[in-house]
There are 2 protein chains.
Amino acid sequence: MEAAKPKILLCEDDTNLGMVLKNYLELNDYEVILERDGRLGLAAFQREKFDICLLDVMMPNMDGFTVAEEIRDINPDVPLFFLSAKTMKDDIIQGYKLGADDYITKPFDSEVLLHKIKAILKRNEETHREEVNAEFDLGNYHFNPRLRELTVNGKVQTLSPKENELLKMLSEYKNDLLPREAALKKIWGSDTYFNGRSMDVYIAKLRKYLREDSKLEIVNIHGNGFRLVVTE
Amino acid sequence: MEAAKPKILLCEDDTNLGMVLKNYLELNDYEVILERDGRLGLAAFQREKFDICLLDVMMPNMDGFTVAEEIRDINPDVPLFFLSAKTMKDDIIQGYKLGADDYITKPFDSEVLLHKIKAILKRNEETHREEVNAEFDLGNYHFNPRLRELTVNGKVQTLSPKENELLKMLSEYKNDLLPREAALKKIWGSDTYFNGRSMDVYIAKLRKYLREDSKLEIVNIHGNGFRLVVTE
DNA sequence: TTACCGTCGTCAACGTTGTGTCACTTACTA
DNA sequence: TAGTAAGTGACACAACGTTGACGACGGTAA
């Protein structure tokens, strides 16, 4: 369920800038292939599949514009940014005419570049949506937190918001301890006596829903929290 | 198939710049609606359908960031550029965080802007076309939102505009949750108590229309929204 | 082992908020 | 001016979360 990191082709002949940028982007959860000239960059593009290309314009062997043309021939859709010290309007226009999505003039701020990358990737595909739409298989049950639905043997039980949040949290901690305090803080906002009592009531409700499959059990760990045990 | 001109919402309080830009873009085959402050811009967006929004940040009545937030609530997909004299990094980052596709600092070159617009529209055009002419098969029903016609067993029911919009949105989210707020913002413009009451009335009307096929059901998810369930 | 206290399990009742629906008013326009 | 569409007000009812009562359980110290 771990989504693959988006893969970036970075073509930059300034080794310093190249490495700094590569590290920065990798820290932000991208996979980065750095090439030091145009020919190598194009070769990398022919060899592998990228989600976005960042091309320096002035490079040895083959300049960025030419690389862009070749890339566009191979793949007219891949997002493409130029990174260039050439700030002349004509260069910028030419960049866009070659099918660039952005033309970023040096020096630029890494964080801004990061956001530009995020923006274009978000527009291009729905890669990042995994987190929100998580679903869980719990024994014979199927649990869809988005729809607040718990299904077993074709029967559907709609959960209340609190029931839903609590079961979702238990599922995320499946077979592991979900500390009382963590659940109370996250779902009820604070860890007070009455909220604790309320939570116990919800645990009881969830146990009732989950009775259909004896392999499922919500176990209390006295003074500590709860544990959703799934015996396989 | 003569494509209509792409329609641009331009929000700019500097009348001079606004008019120059409007003229320039119109010369390049775009339809441009120019509004002189944030509130008017948002109103225009609620009233009409745009292919891209260009927002000044500093404007009277409502600043561009706020307008962007509202626009994103109504339509998370429409391309959105900020045009701003605020060149601080924090402003730029904030712009991107609000879901902008680009943040263009003044002064900028019209021709470059034009190319940026072209680039983003080209990227968006595939996703854009499906929306307009879609029709839906819902159980025994056939729903044509363009004609506002709902057909079952040869009988045709013409829907009112609001009924039509609501059923269309439900159909787009078929079998999935349509959040109350999303529907209210998009169809009614804002999420207020009375709009909510109104929406419930329309849900009731749609349920009445859809009674002929027991496989169709509009299910409420308490506190969250509605779901058009099609049992196959 | 027993007595004790804090924690947990469960049921039922209550107040609050969200929905379903009817009837009516207002706005628009054919 | 009749007819259609949208908005408003009122009311009943359902869903939700909280609370109180009471008993069971678990850990610990005498």
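# Close-up views of a predicted protein–DNA model

**View 1. The loop between E8 and E9 of chain B holds B:Asn153.** B:Asn153 has its place in the loop between E8 and E9 of chain B, where helices (H or I, at least four residues) and strands (E, at least two) are DSSP runs, numbered from the N terminus. The phi angle of B:Asn153 is near 50°, which is a positive value in a residue other than glycine. This is a predicted model, in which local features need pLDDT of at least 70 and side-chain atom pairs count only at pLDDT 80 or more, while totals for chains, interfaces and linings use all residues. Residues are numbered from 1 along each chain as its sequence is written, and chains are lettered from A and ligands numbered from 1 in the order in which they are written.

**View 2. Four strands of chain B form an open sheet.** The order of the 4 strands is E6-E7-E8-E9, with antiparallel pairing, and two strands pair if DSSP finds at least two bridges between them. Strand E6 (136-138) and strand E9 (155-158) of chain B stand at the edges with a single partner strand each, so one side of each is left without a neighbour in the sheet. From one strand to the next, the twist averages 20°; axes are lines fitted to C-alpha atoms, for helices over the stretch in contact, and angles run from 0 to 180 degrees between N-to-C directions. Strand E8 (residues 149-152) of chain B pairs with E9(B) in the antiparallel sense over 4 bridges, and B:Leu150 stands opposite B:Gln157 in E9(B).

**View 3. An open sheet of 3 strands in chain A is packed against a helix.** Here the strand order is E10-E12-E11, again with antiparallel pairing. The edge strands, each of which pairs on one side only, are strand E10 (177-179) and strand E11 (216-221) of chain A. The twist in this sheet averages 25° from one strand to the next. Helix H6 (residues 161-172) of chain A packs on the sheet and touches E10, E11 and E12 of chain A, and the direction of H6 makes about 70° with that of E12(A). Strand E12 (residues 225-230) of chain A is joined to E10(A) by 3 bridges, and the two strands run antiparallel; the bridge partner of A:Leu177 in E12(A) is A:Arg227.

**View 4. Two helices of chain B, H2 and H3, pack together.** Helix H2 (residues 38-47) and helix H3 (residues 64-74) of chain B pack at an angle of about 15°, with their axes 9 Å apart. That angle makes H2(B) roughly parallel to H3(B), because angles under 35 degrees count as roughly parallel, over 145 as roughly antiparallel, 65 to 115 as roughly perpendicular and the rest as oblique. Residues of H2(B), among them B:Leu42 and B:Phe45, meet residues of H3(B) that include B:Val67 and B:Ile71. By class, this contact has 5 nonpolar, 5 polar and 1 charged residues, where Ala, Val, Leu, Ile, Met, Phe, Trp, Tyr, Cys and Pro count as nonpolar, Asp, Glu, Lys and Arg as charged, and the others, Gly among them, as polar.

**View 5. Chain B touches chain A.** In this interface, 17 residues of chain B are in contact with 16 residues of chain A, two residues being in contact if their C-beta atoms, placed from the backbone, lie within 7 Å. H5(B) gives the most to the side of chain B that touches chain A, with 6 residues. Helix H5 (residues 110-124) of chain A and H4(B) pack at an angle of about 15°, with their axes 10 Å apart, which makes H5(A) roughly parallel to H4(B). Among the residues that meet are A:Val112 and A:His115 in H5(A) and B:Ile92 and B:Tyr96 in H4(B).

**View 6. Residues of both chains lie around DNA strands C and D.** Of the 21 residues around DNA strand C, A:Ala204, A:Asn220, B:Asp200, B:Ala204 and B:Asn220 come nearest; a residue is near a molecule or strand if its C-beta atom, placed from the backbone, lies within 6 Å of it. The surface near DNA strand C has 6 nonpolar, 8 polar and 7 charged residues. Around DNA strand D there are 20 residues, and A:Ser160, A:Phe194, B:Ser160, B:Lys162 and B:Phe194 come nearest.
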